[in-house]
Amino acid sequence: MRLIDLSSPIDARFWEPDPVLHTAMSPAEGARHMSEELRAHMGIEFDVDALPGGEFLNNDTLSLTVHTGTHVDAPAHYGSTASYGTPRTIEAMPLEWFFAPGVVLDLTSFGTGAAGPTVIEKELARIGYTPSPGDIVLLNTGAAARVGTPAYFTDFTGLDGPATRLLLDMGVKVIGTDAFSLDAPFPHIIRTYHETGDTSVLWPAHFLGRQREYCQIERLANLDALPEPFGFQVVCFPVKIAGAGAGWARAVAVLND
């Protein structure tokens, strides 16, 4: 068995529209913190000088959105109501959805914009594969090379509504991308809407989640390290955050060599 990490890191040094705040507590600071917490909450006195080197345990505090780094979007992210009932939050999603056969589609030649169903059909024909119900489809757009820069949020390939629906009609429950969003970049969407007046171009992949229950994995990485377009398993269990519309995930491909 071989594992390939498909996750991008959460890194406070990266450029983000919503910056990550990362405060590190050293082991020495952790000792003092522990002593203060014992006194405040349990009435216990403890001298940190009794600890080896005066150190206890380090700790890290972060402030960030659930859409930072590799994460899974739950149906609740797409809207407050859905045609199929109340959209589920991330902790309520079936674990089975996130451990399934995977297939990666190469969209690196498409460029910035929204790929349609003919692009997906052509790529599936090229690799000779038809997704089965429950398969996890991953989109390699090449965007992972721009992680940490402003271009990561403006230069990538998304899917339009019909392309997303095509995959869902095949029984796919989870669609992943190495890009910031499964939809086209915000500037592209807004520009197209202003030029056409067509409201169907406004985040169609996300809004389709109000009609069809499915999840997205966004901000994947390392998809070009997969040796074959299929024949592997994807594991992408989201963190169990009660009531949240998304959860961070350590996405991994499992290959049986």
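1. Ala, Val, Leu, Ile, Met, Phe, Trp, Tyr, Cys and Pro count as nonpolar, Asp, Glu, Lys and Arg as charged, and the others, Gly among them, as polar. By that scheme, the lining of the largest pocket has six nonpolar, eight polar and five charged residues.

2. On the model itself. This is a predicted model, where local features need pLDDT of at least 70 and side-chain atom pairs count only at pLDDT 80 or more, while totals for chains, interfaces and linings use all residues. Residues are numbered from 1 along each chain as its sequence is written, and side-chain values use heavy atoms, with hydrogens and water left out.

3. Overall picture. The protein has five helices and 13 strands. Helices (H or I, at least four residues) and strands (E, at least two) are DSSP runs, numbered from the N terminus. The C-alpha trace spans about 70 × 50 × 35 Å along its principal axes. Of the 257 residues, 44% count as buried. Buried means under 20% relative accessible area, exposed over 50%, and partly exposed in between (1.4 Å probe, protein chains only). Among contacts with a separation of 6 or more, 77% join residues 24 or more positions apart. Contact means heavy atoms within 4.5 Å.

4. The largest pocket. How much space lies in the largest pocket? About 400 Å³. A pocket here is an open set of points on a 1 Å grid over the protein atoms alone, where a 1.4 Å probe fits, with protein on both sides within 12 Å along at least five of seven lines; lining residues have an atom within 4 Å of a point. Grid points are joined across faces, edges and corners, and the volume is the space filled by probe spheres set on the points. The lining counts 19 residues. Nearest the centre of the pocket lie His67, His77, Phe180, Ser181 and Phe186. Strand E4 (71-73) and helix H4 (186-196) each supply at least two lining residues.

5. Helix H2. Which residues of helix H2 (residues 117-127) are buried? They are Ile120, Glu123, Leu124 and Ile127. These four sit on the same side of H2, because they cover an arc of only 100° around the axis. The arc is that of the directions from the helix axis to the C-beta atoms. The face turned away from the buried side carries exposed Thr118, Lys122, Ala125 and Arg126. Cover for the buried residues of H2 includes strand E5 (99-106), strand E8 (157-159), helix H3 (161-169) and strand E11 (230-235). Glycine 128 follows H2, with a positive phi near 70°.

6. Cysteines. A search of the whole structure finds zero disulfides, a disulfide being a pair of cysteine sulfur atoms within 2.5 Å. Cysteine 215 is in no disulfide; its nearest cysteine sulfur belongs to cysteine 236, 8.7 Å away. Cysteine 236 is likewise in no disulfide. Cysteine 215 is buried, at a relative accessible area of 0%. Cysteine 236 also counts as buried, at 0% relative accessibility.

7. Serine 35 is found in helix H1 (residues 27-42). Serine 35 is buried, with a relative accessible area of 6%. Not counting residues up to four places away in sequence, serine 35 touches Ile44, Phe46 and Val48. Glutamate 45 lies in the loop between H1 and strand E3 (59-63). Is glutamate 45 buried or exposed? Glutamate 45 counts as exposed, at 57% relative accessibility. Glutamate 45 and serine 35 are ten residues apart in sequence and 7.0 Å apart in space, C-alpha to C-alpha.

8. Arginine 210. Arginine 210 lies in the loop between helix H5 (204-207) and strand E10 (215-218). At 38% relative accessibility, arginine 210 counts as partly exposed. Leaving aside neighbours within four places in sequence, arginine 210 is in contact with Tyr78, Gly79, Thr81, Ala82, Ser83 and Tyr84. The C-alpha atoms of arginine 210 and histidine 77 are separated by 9.4 Å, although the two residues are 133 residues apart along the chain. Histidine 77 is also one of the residues nearest the centre of the largest pocket.

9. Backbone points to check. Tryptophan 203 is not a glycine, yet has a positive phi of about 45°. Tryptophan 203 is in the loop between H4 and H5. Arginine 219, also a residue other than glycine, has a positive phi near 65°. Arginine 219 lies in the loop between E10 and E11 and counts as buried, at 4% relative accessibility.
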